[in-house]
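Open the model in a viewer and keep the sequence beside it. The tour below goes from one selection to the next and says what is there.

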Amino acid sequence: MENERSAAGGPWRRPAGGLHRPPRLRTGDRVAVVCPSSPADPARLLADCAELRGLGLDVVLGEHALDPGGSGYLAATDRDRAQDLEDAWLDPEISAVVCARGGYGSARVLEFLRWELMAGVAPKILLGSSDATSLHRAFATRLRVCTLFGPMPATAGFGPAGEPPDGRTLAHLRTTLFSPEDALAFTSAHPTAPTAGRARGITTGGTLSLLAAAVGCAEAAPAAGAIVLLEDTGEEPYRIDRMLTQLLRAGWFAGAAGVVTGSWTECGPPDEVAAVLHDRLGPLGVPVLTGLDFGHGQPQLTVPLGVEAELDTAAGTLTLTSAALR
């Protein structure tokens, strides 16, 4: 199998080609929860790690996952956050690396990761969203591995603080991790299609503000031939306009096959957000579907990045052509 080391015990060799799919999880697999961005509330993190254990997983915390963070908005130092992430990725006993929360800071760890070492081991699952968009883009570019844009412990994606996790969110995460062939189709109760059509391409994207912030960076590969996923939280319509305009002027959308947007929580009046999306994305001349259930809202479905998918605005669906995990 492509994820195994050689029979002689030598280093694993990544085959040439596109992005590679990590193995699915099985009951008893060990997953590491790390904090590459902002600090997590310890009580909430521990409670939501218990929910992950309820899925049948052996959950361990990164060494610095509970550090308070000296700056107030970063969990531990850049080097310590990077070390936890790297250690988890290199550990052969770890099957998945889960980001505890977003906030800010994942872009700061990229320069401290030893990509050559990380590229020499078999791919595994990276799960996270929001600020983890920086990691998704870097892992796709540098490690050529598919990743999962989905809910994180210690965030509202798992449910409001002190309340049980959102049932559909957790159920879809479980299906994606353990039975990915049963999590191929994405839709919502009320999807809309500002621009109609059908398209096929590799999924890419994530949180809009992080994509815009990465313009000019090594991991900011253009979206040519891709189906772009976009969402955000706490951004007013004019800021959404500004970030889309930045990506458009930078040529990032050039050649994109289609666009799918998720939730825009606390981003102002929904009709104003919809008008901005139509104004900025419509001239691309590609199918655009809005309102799918991924992002910062609830439910928060787990959407794979780096896999081929078909977009059908008439049906209001985004459908993977194959499972994200092997």
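Begin with two helices, α8 and α9, which pack at an angle of about 15° with their axes 9 Å apart. Axes here are lines fitted to C-alpha atoms, for helices over the stretch in contact, and angles run from 0 to 180 degrees between N-to-C directions. α8 and α9 are therefore roughly parallel to each other; angles under 35 degrees count as roughly parallel, over 145 as roughly antiparallel, 65 to 115 as roughly perpendicular and the rest as oblique. Helices (H or I, at least four residues) and strands (E, at least two) are DSSP runs, numbered from the N terminus.

This is a predicted model, in which local features need pLDDT of at least 70 and side-chain atom pairs count only at pLDDT 80 or more, while totals for chains, interfaces and linings use all residues. Residues are numbered from 1 along each chain as its sequence is written, and side-chain values use heavy atoms, with hydrogens and water left out.

Now show the side chains between the two helices. P237, I240, D241, L244, T245 and L248 of α8 meet E272, V273, V276, L277, R280 and L281 of α9, where contact means heavy atoms within 4.5 Å.

Next, select α8 by itself, residues 237-249. Buried residues in α8 are P237, I240, M243, L244, T245 and L247. Buried means under 20% relative accessible area, exposed over 50%, and partly exposed in between (1.4 Å probe, protein chains only). Among the elements covering these buried residues are α7 (208-213), β9 (226-233), β10 (258-265) and α9 (270-281). Just after α8, look at G251, with a positive phi of about 80°.

Stay in α8 and pick D241. Is D241 buried, exposed or partly exposed? D241 is partly exposed, at a relative accessible area of 27%. Leaving aside neighbours within four places in sequence, D241 is in contact with V276 and R280.

Move to α1, residues 42-54. This helix has 13 residues and reaches 18 Å from its first C-alpha to its last, close to the 18 Å expected. Colour L45, D48, C49 and L52, which are buried. They cover an arc of only 110° around the axis, which puts them on the same side of α1; the arc is that of the directions from the helix axis to the C-beta atoms. An α-helix has 3.6 residues a turn, so residues three or four places apart point the same way. The face turned away from the buried side of α1 carries the exposed residues A43 and G54. The cover over the buried residues of α1 includes β1 (30-34), β2 (58-61) and α6 (167-178). Just after α1, G56 takes a positive phi of about 95°.

The last stops concern the backbone. Most residues other than glycine have a negative phi, and most peptide bonds are trans. Select S130, in the loop between β4 (125-128) and α5 (133-143). S130 is not a glycine, yet has a positive phi of about 60°, and is buried at 13% relative accessible area. Then go to A154, in the loop between β5 (147-149) and α6. A154 also is not a glycine and has a positive phi of about 65°; at 11% relative accessibility, A154 counts as buried.

Finish at P299, in the loop between β11 (288-290) and β12 (303-305). A cis peptide bond joins Q298 to P299, with omega about -5°.

Definitions and conventions: Expected span 1.5 Å × (residues − 1).
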